[in-house]
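Dear colleague,

I am passing a structure on to you, and I would be glad if you kept it open while you read. My notes on what was found in it follow below.

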Amino acid sequence: MPLLNFIVTVIACLIFYLILTAGSGTDILIWSWQQFAVGILFSLVVGMVGRNVLVGKDLRMVNPRRWVVLIVYLGPFFLEMAKANIDVAIRIITGNINPGIVKIPTNLKTDLGITMLSNSITLTPGTLTVDVDEKTRELYVHWLDVKVKEPETSESVSGSLEKWIRRATE
Amino acid sequence: MILEIVIILLIIGLVFNLLGSIGILRFPDVYTRLHAGSKCATFGSIFTSLAVVVYGSAMWYTQDSMVYADMVIHTVIAVICLLITNPTGAHAIARAAHRSGIMPIRAVVDRLKEEK
């Protein structure tokens, strides 16, 4: 298992390095051989030092199908974000706010899923994750315009985002 | 054609950044100001970065120079980092504010205060 973590970390670091240095030469496709050598060297060093940091409890996020779902997820997320931005822009001009902190229950099992959902909620204007209850998996969300005081699901706060995140991480 | 698209994207980005700045002045407390300040600004920054990406892609296509490819890739990575770090920072500020006893002004409901 440590070897597998090491290999995954090295490959991820190398891919990131190659993306950053794309266009440096023409030796190997669009990279110069110096960049390749340095990239491999530093990826090995980073893999040795941080093999248990990047990879958590399991390797489920290595599966490319989950990455495809994550990229598709950007679509509904940006739609949600654009709608909320226009809504908040109108509220800034009119000054018409109705704030409050509500508690929303979630059904996500993994830590990564909770992190992604709370980050998505925070990134959507009008909703801001203030705290999380780690045992019961509930989020405390500051909402600029409280429509429901006791939300049953995360549907009323974040739309269909929870469904997408569950598909990507579980 | 490309220049028009770039100008439109820049104007949208600037409008949202301006609204975010106005919101910081208009809203009553730290939580509502975070809504305006951190997130409208992020949306504006995404649009200004998108303008850079569009311009860079067009120049990459017409002039076939890898310098522009570099610009596009680095801007995309900057946007991804912005999308990850910005909500983390906003969440940290809000959590610290609530823990140090600053309550939301004009709140109709505060579940977190009731639980603690």
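**Where the two chains meet**

In the contact between the chains, 43 residues of chain B touch 42 residues of chain A. Please keep in mind throughout that this is a predicted model. Together chain B and chain A bury about 3700 Å², and 69% of that area lies on carbon and sulfur atoms. Of the area that chain B buries against chain A, 17% is supplied by His35(B), Lys39(B) and Arg111(B), which is more than any other three residues supply.

Which residues form a salt bridge with their closest N and O atoms 3.0 Å apart? They are Asp131(A) and Arg95(B), and the pair runs from strand β2 (residues 127-133) of chain A to helix α3 of chain B. Asp131(A) is buried, with a relative accessible area of 5%, whereas Arg95(B) is partly exposed at 31%.

**Helix α3 of chain B**

Helix α3 of chain B covers residues 66-99, that is 34 residues, and from its first C-alpha to its last it reaches 50 Å, close to the 50 Å expected at 1.5 Å a residue. Its buried residues include Tyr68(B), Val72(B), Ile77(B), Leu83(B), Pro87(B) and His98(B). After α3(B) comes Gly101(B), whose phi is positive, near 90°.

By contrast, His98(B) and Ala78(B), which are 20 residues apart in sequence, are 30 Å apart in space, C-alpha to C-alpha.

**Domains and cores**

Chain A is divided into domain 1 (2-56) and domain 2 (62-169), and the C-alpha centres of these two domains of chain A lie 33 Å apart.

The largest nonpolar core has 41 residues, of which Tyr73(A), Ile92(A), Val102(A), Ile104(A) and Val141(A) touch the most other members. Both chains contribute to this core: α4 (64-94), β1 (100-105), α5 (111-123), β3 (138-143) and α7 (161-169) of chain A, together with α1 (2-26), α2 (30-63) and α3 of chain B, each supply at least two residues. The largest share, eight residues, comes from α4(A). Apart from this core lies another, of 10 residues, among them Ile101(A), Val130(A), Leu34(B) and Leu112(B).

Ser120(A), in helix α5 of chain A, counts as buried because its relative accessibility is 7%. Not counting residues up to four places away in sequence, Ser120(A) touches Tyr73(A), Phe77(A), Leu161(A) and Ile165(A).

**Salt bridges within chain A**

Over all chains the count comes to six salt bridges. One of them joins Asp87(A) to Arg91(A), with the closest N and O atoms 3.3 Å apart. Because these two residues stand four apart in helix α4 of chain A, about one helical turn separates Asp87(A) from Arg91(A). An α-helix has 3.6 residues a turn, so residues three or four places apart point the same way. Asp87(A) is partly exposed at 36% relative accessibility, while Arg91(A) is buried at 13%.

A further salt bridge brings together the side chains of Asp145(A) and Lys147(A), at 3.9 Å from N to O. Here Asp145(A) is buried, with a relative accessible area of 16%, but Lys147(A) is exposed, with 65%. Asp87(A), Arg91(A), Asp145(A) and Lys147(A) are linked in a network of salt bridges.

With best wishes

Notes:
Residues numbered from 1 in each chain as written. Chains lettered and ligands numbered in written order. Predicted model: local features only at pLDDT ≥ 70, side-chain atom pairs only at ≥ 80, totals over all residues. Heavy atoms only, no water. Expected span 1.5 Å × (residues − 1). Buried < 20%, exposed > 50% of the residue type's maximum accessible area, 1.4 Å probe, protein only. Domains from an automatic or database assignment. Core = buried A, V, L, I, M, F, W, Y, C linked by side-chain atoms within 4.5 Å. Contact = heavy atoms within 4.5 Å. Buried area = accessible area lost by both parts, 1.4 Å probe. Salt bridge = Lys/Arg side-chain N within 4 Å of Asp/Glu carboxyl O.
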